[in-house]
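Trainee: I'd like to learn how to read a model like this one, feature by feature. Could you walk me through it?

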Amino acid sequence: MESKPDGGPAVSNSPSDSLTCKELAEIEDEEVLNKMLDNTVDFEQRRLIRAALRDLLKKKRDKREQERGSRQQDLRQQGLSKGGTGGASVNQQPPTNKPLGQLSPSAFTPLNRTAGGKAGPAMASGQTSPSAAPNVKNVKQMLLDWCRAKTEPYEGVDIQNFSSSWRDGIAFCALVHRFFPDAFEYSILNPYEPRENFQLAFSTAERLAGCPPLLDADDLVRMKEPDWKCVYTYIQEFYRCLVEKGLVKTKKRP
């Protein structure tokens, strides 16, 4: 059975049917490409889909930059047409695009809560038994690999750890955007505005995935690099919320 997204060719729901680079380039819906990537097992086809996703995101970003330049030019022309000194009008910049759904998340609160509602980090030293350490290490690496796979098509994201790779907030936004592509426009995000990126990612994850805001944007921007234990705990919780909503499928234990 085939479906035809707006602005693109007929797309088969079967992962076994392959599309050419030209056909993939005609698809202008990120959600369609993301679903195809999730359902495709062929390595070469996955490579082509990832390339199409990157091109689509770049195309959207370039279009946004062009529109922004046009708005700036219009403002300058309006300032010049008014005559007089006009200095303020000519130099006026368009308002900066603010992330959707501004929400100040509460301070970082670990998953393991006590009766008083507070607890130390879930991965604090001394709380994990030596026998459980190998399993925890494997889970950490699996979660890191999952984050890397889900954000691979996104430009500006290179997840190598749970600390420095997340410091500008872009990785958080990419991960959230992968599951909620209509929540915000990823292509206009600025890596030099980490506070806005953190707030956008955390508020969107809370609103759409039900993920509690365990991290605080102000705390994160004050750090040279985020504490890996805090990031790891937050990603664990986000993953759990996605599983509960059926957006991530896990293998059932025998």
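This is a predicted model: local features need pLDDT of at least 70, side-chain atom pairs count only at pLDDT 80 or more; totals for chains, interfaces and linings use all residues.

Trainee: Where do I start? How many helices and strands are there in the protein chain?

Mentor: Start with the secondary structure and its order. The protein chain has 9 helices and 2 strands, and along the sequence the pattern reads β-β-α-α-α-α-α-α-α-α-α.

Trainee: And which numbers do I look at for the chain as a whole?

Mentor: Look at burial, surface and contact range. Of the 254 residues in the protein chain, 37% are buried. The accessible surface is about 15000 Å², and carbon and sulfur atoms account for 50% of that. For contact range, take the contacts between residues at least 6 apart in sequence: 57% of them join residues at least 24 apart.

Trainee: Which residues have the most contacts inside the largest nonpolar core?

Mentor: Trp166, Phe172 and Ile235 do, in a core of 43 residues. Then ask which elements supply it: α5 (133-151), α6 (170-179), α7 (194-209), α8 (217-222) and α9 (228-244) each give two or more residues. A separate core has 12 residues, including Leu19, Leu33, Ile49 and Ala52.

Trainee: What does phenylalanine 172 touch?

Mentor: Skip residues up to four places away in sequence, and the list is Trp166, Phe198, Ala201, Phe202, Leu215, Val231, Tyr234 and Ile235.

Trainee: Why does the pair of phenylalanine 179 and phenylalanine 238 tie together parts that are apart in sequence?

Mentor: Phenylalanine 179 sits in helix α6 and phenylalanine 238 in helix α9, so their pair links parts 59 residues apart in sequence. Both of these phenylalanines are buried as well.

Trainee: Which residues form one aromatic cluster?

Mentor: Phe162, Trp166, Phe172, Phe198, Phe202, Trp228, Tyr232 and Tyr234 do. Check for charges over rings too: lysine 140 lies over the face of tryptophan 228, 3.9 Å from the ring centre.

Trainee: Now single residues. Is lysine 22 buried or exposed?

Mentor: Lysine 22 has 63%, so it is exposed. This lysine belongs to helix α1 (residues 21-25). Its C-alpha atom is 9.3 Å from that of alanine 52, although lysine 22 and alanine 52 are 30 residues apart along the chain.

Trainee: Is threonine 151 buried or exposed?

Mentor: Buried means under 20%, and threonine 151 has a relative accessible area of 2%, so it is buried. Threonine 151 is in helix α5. Beyond its neighbours within four places in sequence, threonine 151 contacts Val157, Ile159, Ala171, Ala174 and Leu175.

Trainee: Where is the place of threonine 40?

Mentor: In the loop between α2 (30-39) and α3 (43-81). With a relative accessible area of 6%, threonine 40 is buried.

Terms used:
Residues are numbered from 1 along each chain as its sequence is written. Side-chain values use heavy atoms; hydrogens and water are left out. Helices (H or I, at least four residues) and strands (E, at least two) are DSSP runs, numbered from the N terminus. Buried means under 20% relative accessible area, exposed over 50%, partly exposed in between (1.4 Å probe, protein chains only). Contact means heavy atoms within 4.5 Å. Accessible areas come from the Shrake-Rupley method with a 1.4 Å probe; for residues, only the protein chains shown count as cover. A nonpolar core is a set of buried Ala, Val, Leu, Ile, Met, Phe, Trp, Tyr and Cys residues joined through side-chain atoms within 4.5 Å. Rings of Phe, Tyr and Trp (its six-membered ring) pair if their centres lie within 6.5 Å; planes under 30 degrees apart count as stacked, over 60 as edge-to-face and the rest as tilted. A charge sits over a ring if NZ of Lys or CZ of Arg is within 6 Å of the ring centre and within 35 degrees of the ring normal.
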